[in-house]
Amino acid sequence: MRAVAVALLNLTGLGLGYALLGRWGRAAVCWAATAALLWVALPADPDGVPGGVLVGYLLVVVLAAVDGGWIARRAAPAGAWRPGLAVGLGVVLLAVPAGGAVVYGSARDEAREQMLLDRLAAGDERVATASEQPFDAAKGEYGKALDVYRALGEDHPGSRAAKLVPDRLKAYYDAVSAPYAKKQHCEAVAPLTYLRSLPDSVDGKLLGDLATWPDEPLAVSLYGCGVSRLGGSNGGGSGGAELGELLRTFPDSASARQVGPAIGERIKAQVAALKGDEPCAATQVLRSLGTTASELPAESVKALRADADKGVVDGVYACGVDQFEDEKFGDARTTLTDFARTYRSDGRVRQARNIAIAAEIADDRPAAGKRLPPSKRPGGARMELVISNDAPNTVEVLYTGPVTGTVTLRACAGCERYSASEGPRRACKASGRNYPKARLQLPAGEYHFLYKHGTGATARVDSYSSGTRVQPGYTYTSCTYVIERSPFDLDLPLLPDPIQPVVSPWGAGSSR
């Protein structure tokens, strides 16, 4: 009975069995072991007492119980005590370590709960930080916060922190989709696409209704962004990428059904804008709209390309006319020349060529660009203008006035260049020479001419422009020739080649 009492008292870890036997050194060892255990265990840690420490302490306690029982059987007790009472006391005192273990376990569980709540708070802080940045820069932080919520919900489902995760995920979705709430549709596409992909990596039970929530906002954002970019007027693209994604991903959505009507209305608006102040800009938008429509997957939308292309034809012509009226003669010539070359069956081709001719003349002689060439040929009498070519190269003559056109004079075989002083006296006056000629029948009015050197001329032969008034009852003659000037003339630049030919028309003569 005495041995059992000592063993039980030593199992408490308090060394009381040794104290009854008067073995104070051994009792001190028990006290030290218990103190060391308390030092390691308190305050309670989420991970509990390290396994090695706990095993070591239990080994010390068991050895103390066995050793104490062994000594009690062979040694006289220190003082008078009743073994039965000691056994009862030992049984009662065993409740101390048992109760302590229970209390410690509860404290450890609370510490673990607090640790999980701290993790939840850390995830919340990441979301708050990320919400202050653009999505592309904040995507990494959002991902780390999601990892926290996912781990809490999936790995610790019964914890207090896990019970808060659904609310945190709702706040998470609200933070990521903030651009959508602000109706910033283009900025909302990327974050909503990200949210829509989360069910692939997060348990659907954890997400609940959030798993399918991004579908409608993403469809609305793709539509809003794509429509805002139609025509490429804002530098953010033509909207085709967003609208194509909408039609492929959500073909049956209300947003997808609006794509065709939206593009059609935009095309009509730009066709109307061709009559406004900026037909060139409207034409560019129509081109972009047509390209966008043709690239979208829905056949009903592709068909809108024809409406846009028809508007582009009118737009190119209107653009060229507007450029001419704005005295952008080089641009007008390019635009209308391309129009005549591209749309050969259009009824405005002849007028487009006439305006291009007038624009080329006006680029050298601005007076030729004061008004558009008449769209109809005037009636009445015609006067003859005979242009002779005394130049050893071909010459193209462009003219505009009451009528507009061009003629080309063949090179004059055997003709020579003249000095600046000889040209006016000798050009087109050689007896017996058959000069290449062009005969124009011109109504009366103010005319502007541009003489352009052609085949056989060097790069230093200049074009020449002039103007004259054709009056009823007269016939007119003109002569073109080439003059050579010395590079030492003060009004000419010094060039490596000592000869600088210049095409120059002879003053038009007149006779009854």
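Reply: The model is predicted, so local features need pLDDT of at least 70 and side-chain atom pairs count only at pLDDT 80 or more, whereas totals for chains, interfaces and linings use all residues. Residues are numbered from 1 along each chain as its sequence is written, and side-chain values use heavy atoms, with hydrogens and water left out.

Me: What makes C280 and C319 a disulfide?

Reply: A disulfide is called when a pair of cysteine sulfur atoms lies within 2.5 Å. The S to S distance of C280 and C319 is 2.0 Å, and the two are joined by a disulfide. The torsion about this S-S bond is 95°, and the link is right-handed. It connects distant parts of the chain, 39 residues apart: C280 belongs to helix α16 (residues 279-295) and C319 to helix α18 (residues 305-325). Helices (H or I, at least four residues) and strands (E, at least two) are DSSP runs, numbered from the N terminus.

Me: Why does C319 count as buried?

Reply: Buried means under 20% relative accessible area, exposed over 50%, and partly exposed in between, with a 1.4 Å probe and protein chains only. C319 has 8% relative accessibility and therefore counts as buried.

Me: How many disulfides does a search of the whole structure find, and in what pattern are the bonded cysteines linked?

Reply: The search finds 4 disulfides. Counted along the chain, the bonded cysteines follow the pattern 1-2, 3-4, 5-6, 7-8. Among them is the pair C412 and C415, whose sulfur atoms are 1.8 Å apart. C412 is buried because its relative accessibility is 4%, and C415 is buried because its value is 8%.

Me: Why is the disulfide of C428 and C479 called right-handed?

Reply: The torsion about its S-S bond is about 80°, so this disulfide is right-handed. The sulfur atoms of C428 and C479 are 1.8 Å apart. The pair links distant parts of the chain, 51 residues apart, with C428 in the loop between α21 (423-426) and β5 (437-443) and C479 in strand β8 (residues 475-484). C428 is buried because its relative accessible area is 18%; C479, at 1%, is therefore buried as well.

Me: How do you know that the span of helix α7 agrees with its number of residues?

Reply: The expected span is 1.5 Å times one less than the number of residues. For the 21 residues of α7 (residues 135-155) this should give 30 Å, and the end C-alpha atoms are 28 Å apart, which agrees. The helix has a kink of about 30° centred on E141, the bend being the angle between axes fitted to the seven residues ending there and the seven starting there. Its buried residues include F135, Y142, Y149 and R150.

Me: What makes β2 and β3 a pair of strands?

Reply: Two strands pair if DSSP finds at least two bridges between them. Strand β2 (residues 395-400) and β3 run antiparallel and are joined by 5 bridges, with E396 opposite T408 in β3. The two strands form a hairpin with 4 residues between them.

Me: Why are K183 and E327 called exposed?

Reply: K183 is exposed because its relative accessible area is 67%. E327 likewise counts as exposed because its relative accessibility is 59%. K183, in the loop between α9 (178-181) and α10 (185-197), has a positive phi of about 60° although it is not a glycine. E327, in the loop between α18 and α19 (329-342), has a positive phi near 65° and is also a residue other than glycine.
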